[in-house]
Amino acid sequence: MTDVTSSKSTRRPHHWRHDLIELAALFTAVVVADTIAKTVVKGPDGPYLLVFSAIALAATAAFHTWWARRHGHTSHAPPAGDTGGRPTTEQAAVTATTRNDTEPESGPEDGPESGPPAETTLWRMRTTVADTPGSLAALCTVLARLGVDILTLQTHPLGDGTVDEFLLRAPADLSARALARETAAAGGRDTWTERADTHDLVDTPTRVLGLATRTALDAAELPLALRQLLGRCTLHSVPAVSLTGRPTGEQAPVEGVLEETVMRLRDPHGGTLIIERPYLPFTPTEFARARALVELDARLGPRVPRSQDVLTLPEGNEITVRRADQRDLPAARAMHDRCSARTLGLRYHGPVGDADRYLDHLLSPRFGRTLAVQTASGRLVALGHLLWDGDETEVALMVEDDWQRRGIGSELLGRLVAMAEETGCDSVYAVTQSSNTGMVAAMRALNLPLDYQIEEGTLVITARLAPAPRPADRTRQEQPSEGARRAER
């Protein structure tokens with residue numbers, strides 16, 4: 001509707017004098033043409049006059065063309081007042097289409113033959129700048145001069161400045177030291193850099209929502225989510241009471257504590273979650289995000305995925321493999337009571353003084369994941385543990401005497417190793433004895449590179465998995481090693 005009104009407003013009004021002038025011009029042209037025709041036919045110089053007229057007409061046309069080109073006129077262009085001196089939408093579309101069809105894509109500095117794109121590297125950089133107008137602009141100007149592209153930017157306000165966290169795409173020949181030096185020259189301080197990869201291209205809100213979803217579905221994901229949220233850090237889960245029944249004295253306040261490179265958060269399952277990152281202080285924003293994840297875990301309560309697999313053993317018996325947690329403590333205690341002293345000794349390398357408290361520790365999602373095997377009647381006959389042990393991961397198995405040598409241990413071990421690979425572990429180890437031929441055979445059946453080492457009279461078998469994505473993605477939680485647990489008992 002607007003286009004029609006606009007076109008009508010620019011149309012010149014029709015007048016009867018225009019018609020009269022056109023008729024007069026047409027009449028005059030007819031008279032002149034008749035006179036010229038009679039002169040050419042009857043006059044003695046008619047042919048010469050006709051040739052002269054043709055030459056004059058050609059010269060006039062040539063002069064008109066030269067004049068129009070010199071002054072930029074075109075007989076098909078609309079009057080300047082129609083569009084205010086700007087091309088119409090249709091003209092712009094035609095021009096753009098013509099250029100796209102006829103001109104190759106090129107950058108502002110491309111030559112006739114542009115070479116291959118320059119090699120680049122992804123960096124994560126964190127630096128502190130003054131909280132004054134122009135400080136961030138000065139830093140961005142320096143990065144632009146170095147040919148660095150800023151992909152994402154997060155700001156963490158502090159009392160005496162602002163921590164800016166960048167994801168950068170920089171030229172491959174730009175070193176971390178040069179990047180930090182130029183950043184310091186632009187006003188940045190306490191600069192930290194680390195190589196990044198494509199996993200970092202996910203924006204922060206999306207990544208945090210994904211971690212919250214994983215935590216909501218599985219209580220065992222909280223330690224992993226915290227490690228992925230905060231990068232390379234060490235996470236300790238300290239219970240309020242030790243395995244021997246002694247109070248540990250660790251009980252963080254409800255609101256938590258932030259001490260530069262250390263966070264202390266109250267564990268919903270009791271005790272304290274201690275997160276340490278010595279190489280980089282935590283910001284209040286990171287502390288708030290970590291506390292929100294812990295609060296989400298506390299509100300949802302105990303939970304494990306409900307999925308389970310029903311398998312048929314070679315002799316025809318059916319078993320169910322599922323996740324287990326502290327709610328399976330009575331069934332696990334009953335299985336312990338049915339196991340022989342030899343089976344318990346091979347698993348724990350000695351007598352178990354307080355099985356209830358020790359099993360409660362092993363079944364806690366804070367220290368890893370547990371798989372349980374139960375029969376068709378519902379009896380628990382095997383347990384498999386994947387335990388976070390700092391930067392390493394331990395696997396441990398126990399199968400009830402009557403159900404050994406049926407492939408249950410190998411089935412559990414294969415599933416635990418698959419879980420370790422999913423969480424980014426680069427190796428798993430098992431602490432056993434050389435006389436435990438079943439565990440040794442199960443580790444060999446993984447068809448993975450194995451390392452053997454004797455420690456304190458026990459055999460440690462380490463299986464190397466596929467390389468982890470990167471150090472910042474290793475989301476495993478520390479707990480006392482098997483040797484430390486044995487010493488505590």
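**Pockets, cavities and selected residues of the predicted model**

The lining of the second largest pocket is made up, by class, of 13 nonpolar, 11 polar and 6 charged residues. This description rests on a predicted model, in which the second largest pocket holds about 560 Å³ of space. Of the 30 residues that line this pocket, Val399, Gln404, Asn436, Gly438 and Met439 are the closest to its centre. Two or more lining residues are given by each of helix H12 (341–348), strand E13 (392–399), helix H14 (408–422), strand E14 (427–432) and helix H15 (437–444), and the largest share, 6 residues, comes from E13.

Met439, one of the residues closest to the centre of the second largest pocket, belongs to helix H15. Met439 has a relative accessible area of 8% and therefore counts as buried, since the cut-off for a buried residue is a value under 20%. When residues up to four places away in sequence are not counted, Met439 touches Val395, Leu397, Ala430 and Thr432. The C-alpha atom of Met439 is separated by 9.2 Å from that of Leu413, a residue 26 places apart from Met439 along the chain.

The loop between E13 and H14 contains Arg405, which has a positive phi of about 65 degrees although it is not a glycine. Most residues other than glycine have a negative phi. Arg405 has a relative accessibility of 70% and so counts as exposed. A positive phi, of about 55 degrees, is also found at Glu260, which is not a glycine either. Glu260 lies in the loop between strand E6 (257–259) and strand E7 (262–266), and its relative accessibility of 62% places Glu260 among the exposed residues, given that exposed means over 50%.

The largest cavity is lined by 13 residues, of which Arg323, Ala324, Leu363, Pro365 and Gly368 lie nearest its centre. The elements that give two or more residues to this lining are strand E10 (318–324), helix H13 (355–363) and strand E11 (368–375), and E11 gives the most, with 3 residues. Sorted by class, the lining of the largest cavity has 6 nonpolar, 3 polar and 4 charged residues.

The second largest cavity contains about 30 Å³ of space, and its lining consists of Arg124, Arg126, Glu165, Trp192, Leu230, Gly231, Arg277, Tyr279 and Leu280. These lining residues divide into 4 nonpolar, 1 polar and 4 charged.

The ring centres of Trp192 and Tyr279 are 5.8 Å apart and the ring planes stand at 40 degrees, so the pair is described as tilted. Because Trp192 lies in strand E4 (residues 189–195) and Tyr279 in the loop between strand E8 (272–276) and H10, the pair ties together parts that are 87 residues apart in sequence. The two partners can also be described by their accessibility: Trp192, at 11% relative accessibility, counts as buried, whereas Tyr279, with a relative accessible area of 31%, is partly exposed.

Helix H10 (residues 284–300) contains Asp297. Asp297 has a relative accessible area of 1% and is therefore buried. Its contacts, not counting residues up to four places away in sequence, are with Thr215, Ala219, Leu222, Pro268, His269, Arg303 and Arg366.

For the chain as a whole, there are 16 helices and 16 strands, and 37% of the 489 residues count as buried. Among contacts between residues at least 6 apart in sequence, 65% join residues that are at least 24 apart.

Note on methods:
Residues numbered from 1 in each chain as written. Predicted model: local features only at pLDDT ≥ 70, side-chain atom pairs only at ≥ 80, totals over all residues. Heavy atoms only, no water. 1 Å grid on protein atoms, 1.4 Å probe; cavity = no way out; pocket = protein on both sides within 12 Å on 5 of 7 lines; lining within 4 Å. Points joined across faces, edges and corners; volume = space filled by probe spheres on them. Helix = DSSP H or I, 4+ residues; strand = E, 2+ residues; numbered from the N terminus. Nonpolar A, V, L, I, M, F, W, Y, C, P; charged D, E, K, R; others polar. Buried < 20%, exposed > 50% of the residue type's maximum accessible area, 1.4 Å probe, protein only. Contact = heavy atoms within 4.5 Å. Phe/Tyr/Trp six-rings, centres within 6.5 Å; stacked < 30°, edge-to-face > 60°.
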